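I opened the model and kept short notes on what I looked up. The entries follow in the order I made them.

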Amino acid sequence: MMIAESVRFALTGVMANKMRSILTTLGILIGIASVIILLAVGAGTSNAIKAQIGKLGTNVLTVSRQTTAGGRAAGGGQAVTGPRSRGTNLTLQDMAALTDPVMAPDVAATAPVVTAQNVTGTYQDATHAVATFVGTTPSYFSISNDTLAAGSYFSDGDASSGTAVAVIGNTVAQDLVGSSVASAVGQTIALNGQNFVVSGVLAQKGSSGLNDPDDIVVIPYSAAQDKFTGYSPSLASITVQAKSADVMNQAQNEVQMILDARHNVTSANRDYQVRNQAQILTTATTTTATLTILLGAVAGISLLVGGIGVMNIMLVTVTERTREIGIRKAIGASRGSIVSQFLIESLIISLIGGVLGIAAGYIGSAFPLLGTQPEVQWWTVWLSFLVSAAIGLVFGIYPANKAAKLRPIDALRYE
């Protein structure tokens, strides 16, 4: 009976000052919605990065030339600036050694990579500046998780003979040929003035931020050396595929052991470096998790402000209803009854704000924000609801206790 009576008095108090209750509820609403949306942005960003790295293959190692003092390493036609203390060549023989089934049992496949910069593709009146230009072998496509939208890959024979064929990305095909990327197959495009026949178009992977994996042209590595980079004793890099993501560390150790022996180096003076895609994924996940925590903390500040607003309004309410409190206590209302009345009133305001905030958070998360599609996590909804209830209790305790401590005679004298 006491709880039912307290709820009735609390609802009466909330409805008696509708505009004030709405504005107070709005503070909680904004805080809860901010938490849900910003945490959803963090989750969406994290998942987008994971998906993007996953498209490149989570069981991929990239062996590249180590930067040396006084300059930078380069391969496949990239100029070196400054002196180098020793040669840092990665050769086709190095790549072949990495596929030794005895020395590298956890390595599934390898592919050489020769690169060139400032390559422009032209077709009839259309031109396109190619973001990524790669000379390699057919194994590169399976290692990189590439699939075809149309046409076919070039063959191992094309790679060794330097046939002028190219596999182009979806972005390149659209810019040069048009929306029907399949029509690009069989067409002759010019790459820096050199004619290449398009043998295939890669399926779209989707861009992530400034990086567009679909803006790529892949040609046989021998053709890249003949027509773009000139002969170089070193590859730009070697792409290595482990047999599974579970043996990435073992595969990396095997690669390092083989190259250390071939280059006569140790872990202290290696002339190459190995980039582990799984480690990149772990680092990216950790970074986005930290970002999500920071976004949640920023949104939490608005919740704190909303809670202070609830306390402020409840203090005003207690002051305005001092005589009412005095009358209730004079006719026998207990201290617990007074506390529960104002605590329930604070709780009602906060819970209404929380429920509306959750709805607003879901609606706000339906639209892309900062180029990312937010993804609402189910636990943030329950957390938001519990937090809104906690705000009502925590920030309502002091005003409720203040009301309960009033002496009836003093309360009745209050003007």
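Which residue in S12 does threonine 62 stand opposite? I found arginine 275 there. I note that the model is a predicted one.

**Entry: strand S1**

I stayed with S1, which spans residues 60-65. I looked up its cover and found that six of its six residues are buried. I then looked up its partners. S1 is joined to strand S12 (residues 272-276) by five bridges, and the two run antiparallel. On strand S11 (residues 237-242) I also found an antiparallel pairing with S1, over five bridges. In that pairing, serine 64 faces serine 237 of S11.

**Entry: the whole chain**

I next took the totals. The chain has 415 residues, of which 47% count as buried. I count 13 helices and 12 strands.

**Entry: salt bridges**

How many salt bridges does the structure hold? I find three.

I took arginine 262 and aspartate 94 as one of them; their side chains meet at 2.5 Å, N to O. Arginine 262 belongs to helix H8 (residues 248-263) and aspartate 94 to helix H3 (residues 92-97), so this pair ties together parts 168 residues apart in sequence. I checked the cover of both partners. Arginine 262 is partly exposed because its relative accessibility is 42%. Aspartate 94, with a relative accessible area of 2%, is buried.

I then looked at aspartate 146 and lysine 205, whose closest N and O atoms are 2.9 Å apart in a salt bridge. This pair links distant parts of the chain, 59 residues apart. Aspartate 146 sits in the loop between helix H4 (139-143) and strand S6 (148-151), and lysine 205 in the loop between strand S9 (194-202) and strand S10 (216-220). I find both aspartate 146 and lysine 205 buried.

I also listed arginine 270 with aspartate 260, a salt bridge of 3.0 Å, N to O. Arginine 270 is in the loop between H8 and S12 and aspartate 260 is in helix H8, so the pair ties together parts 10 residues apart in sequence. Why does aspartate 260 count as buried? Its relative accessibility is 14%, and the cut-off for buried is under 20%.

**Entry: asparagine 170**

I looked up asparagine 170 and placed it in helix H6 (residues 170-176). Asparagine 170 counts as buried, at 7% relative accessibility. Which residues does asparagine 170 touch, leaving out those up to four places away in sequence? I list Val181, Val201, Leu202, Gln204 and Asp214. I also took the C-alpha separation from asparagine 170 to proline 213, which is 9.0 Å for two residues 43 apart along the chain.

**Entry: positive phi**

I looked for residues other than glycine with a positive phi. Glutamine 124 is one of these, with a phi of about 55°. I find glutamine 124 in the loop between strand S3 (119-123) and strand S4 (126-130). Glutamine 124 is exposed, with a relative accessible area of 68%.

Asparagine 192 also has a positive phi, near 50°. I place asparagine 192 in the loop between strand S8 (188-191) and S9. Is asparagine 192 buried or partly exposed? With a relative accessible area of 41%, asparagine 192 is partly exposed.

**Entry: helix H2 and the annotated regions**

I found a nonpolar surface patch formed by Met19, Ile22, Leu23, Leu26 and Ile30, which together have about 500 Å² of accessible area. Isoleucine 30 is in helix H2 (residues 18-56). Isoleucine 30 is partly exposed, at 45% relative accessible area.

I then consulted the UniProt record. Its unreviewed entry lists residues 21-43, 293-318, 338-364 and 376-398 under "transmembrane region". I checked two of these stretches in the model. Residues 293-318 are 100% helix and 0% strand, with end C-alpha atoms 37 Å apart. Residues 338-364 are also 100% helix and 0% strand, with end C-alpha atoms 39 Å apart.

Definitions and conventions: Residues numbered from 1 in each chain as written. Predicted model: local features only at pLDDT ≥ 70, side-chain atom pairs only at ≥ 80, totals over all residues. Heavy atoms only, no water. Patch = residues over 30% accessible without salt bridge, like charges linked within 9 Å, V, L, I, M, F, W, Y side chains within 5 Å. Areas by Shrake-Rupley, 256 points an atom, 1.4 Å probe, with all protein chains shown as cover. Salt bridge = Lys/Arg side-chain N within 4 Å of Asp/Glu carboxyl O. Helix = DSSP H or I, 4+ residues; strand = E, 2+ residues; numbered from the N terminus. Buried < 20%, exposed > 50% of the residue type's maximum accessible area, 1.4 Å probe, protein only. UniProt positions renumbered as here; feature names shortened; annotations may be inferred. Pairing = 2+ DSSP bridges. Contact = heavy atoms within 4.5 Å.
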